[in-house]
Amino acid sequence: MSARRLIIDCDPGKDDAVAIWLAAASPELAIDRVIAVGGNVGLARTSANARAVLDIIGRTTIPVFAGCDRPLLRVLETAPHVHGESGIDGADLPASATPVALGRGAVALVEAVMAADAPITVAALGPLTNLAVAMTLEPGLAARIERLVIMGGGFRKANMTPFAEFNIYVDPHAAAIVLGSGAPITLVPLDVTREVLATVPWLDRLAVMPGPAPRATAGMYRISPDLALHDPCVVAWLLRPNLFAGRRARVEVVTDDGPEIGRTLMQEGGEPGIDVLLEVDADGVRDLIARRLESL
Ligand code: BDR
Ligand code: CA
């Protein structure tokens with residue numbers, strides 16, 4: 001079986017970095033391109049970090065495109081308190097010598113998906129600005145995506161405000177466009193990702209592996225105790241969907257200014273339906289990540 005072509009749209013970000021490494025270590029997936037968005041840190045850093053994350057594992061030929069540097073309507077809010085000023089504090093990666101690819105991220109997304117002879121899978125690990133712009137630019141995009149797997153939202157959990165998760169909160173208007181697009185979507189919310197913590201025994205296991213990626217992962221997570229492996233859950237679902245369970249529902253995003261902005265609301269049976277993951281075998285996901293990263 002040939003590898004599934006994958007575009008990663010992300011804002012590295014510690015967990016984004018681990019997600020990229022998990023995908024790169026998996027022969028079932030072929031990373032076509034990585035597209036950065038302003039999110040955990042500003043766009044200059046997320047694009048440079050994505051480049052450095054690929055370079056450290058020798059994947060210098062995978063292009064990184066810079067996408068949108070700010071949300072559609074709101075001012076960008078970043079998360080240096082979680083990821084550090086660099087976005088990947090503790091990883092200690094050398095700065096990349098490979099330039100970021102020419103061209104805007106949203107355009108590069110449209111071009112890759114529309115030109116492909118077979119539908120491409122997209123992993124969205126940051127605010128959904130690039131995808132919303134791409135879907136607006138190319139109305140046929142949603143129907144051409146094989147599956148769009150999104151880390152975002154929360155139904156019993158929140159992490160940015162009492163109601164909202166970071167990726168959806170940062171650009172709720174983009175999230176409303178994407179979640180209502182009719183694309184085949186799997187949503188991986190905090191309900192799942194907050195269960196998959198980088199535990200001390202798991203970090204100990206990674207720290208003794210020889211390669212640069214597991215060592216950098218241990219370095220990043222040791223200085224952020226209790227941080228969840230949010231974004232790697234997206235890639236883990238692509239690799240081992242049986243580690244997760246969920247249900248089909250329509251998901252709406254609160255876009256009105258006010259305390260609930262960015263909140264995700266689930267309406268069972270509503271259209272367009274998306275697959276919302278709500279349960280996870282956390283040990284299984286941690287073990288999968290560790291086993292795969294061992295080869296990097
Ligand atoms: C999400 O927000 C970011 O800080 C993480 O990288 C992840 O994508 C979790 O809410
Ligand atoms: Ca992210």
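View 1. E268 is exposed, at a relative accessible area of 56%. (Exposed means over 50% relative accessible area, buried under 20%, and partly exposed in between, with a 1.4 Å probe and protein chains only.) The side chain of E268 meets that of R247 in a salt bridge, 3.3 Å from N to O. E268 lies in strand β8 and R247 in strand β7 (residues 244-253), so the pair ties together parts that are 21 residues apart in sequence. R247 is partly exposed, with a relative accessible area of 37%. (A salt bridge is a side-chain nitrogen of Lys or Arg within 4 Å of a carboxyl oxygen of Asp or Glu; helices, H or I of at least four residues, and strands, E of at least two, are DSSP runs numbered from the N terminus.)

**About the model.** This is a predicted model: local features need pLDDT of at least 70, side-chain atom pairs count only at pLDDT 80 or more, and totals for chains, interfaces and linings use all residues. Residues are numbered from 1 along each chain as its sequence is written, chains are lettered from A and ligands numbered from 1 in the order in which they are written, and side-chain values use heavy atoms, leaving out hydrogens and water.

View 2. The structure holds 17 salt bridges. One of them joins R4 and E146, with the closest N and O atoms 3.0 Å apart. R4 sits in strand β1 and E146 in strand β5 (residues 145-151), so this pair ties together parts that are 142 residues apart in sequence. R4 is partly exposed, at 27%. E146 is partly exposed too, at 35%.

View 3. D55 and R51 form a salt bridge, their closest N and O atoms being 2.9 Å apart. Both residues lie in helix α2 (residues 43-55), four residues apart, about one turn of the helix. D55 counts as buried at 18% relative accessibility. R51 is buried as well, at 2%.

**View 4. The calcium site.** Which residues coordinate the calcium ion (ligand 2)? The donors are D11 (OD), D16 (OD), D16 (OD), L125 (O) and D231 (OD), at 2.2 to 2.6 Å. (Donors are N, O and S atoms within 2.8 Å of the metal, or 3.2 Å for Na, K and Ca; water is not among the atoms, so sites may look incomplete.) D11 lies in the loop between β1 and α1 (14-24) and D231 in the loop between α11 (212-222) and α12 (232-239), so the pair ties together parts that are 220 residues apart in sequence. D11 is buried at 0% relative accessibility. D231 is buried at 2%.

**View 5. A buried aspartate without a salt bridge.** D9 is found in strand β1 (residues 4-10). D9 is buried yet has no salt bridge. The nearest side chain of opposite charge, R33, is 11 Å away. (Lys and Arg count as positive, Asp and Glu as negative; His and the chain ends are not counted.)

View 6. A cis peptide bond joins P12 and G13, with omega about 0°. G13 is in the loop between β1 and α1. Another cis peptide bond joins E271 and P272, with omega about -5°. P272 lies in the loop between β8 (264-268) and β9 (274-280). D92 has a positive phi, near 55°, in a residue other than glycine. D92 is in the loop between α3 and α4 (105-115).
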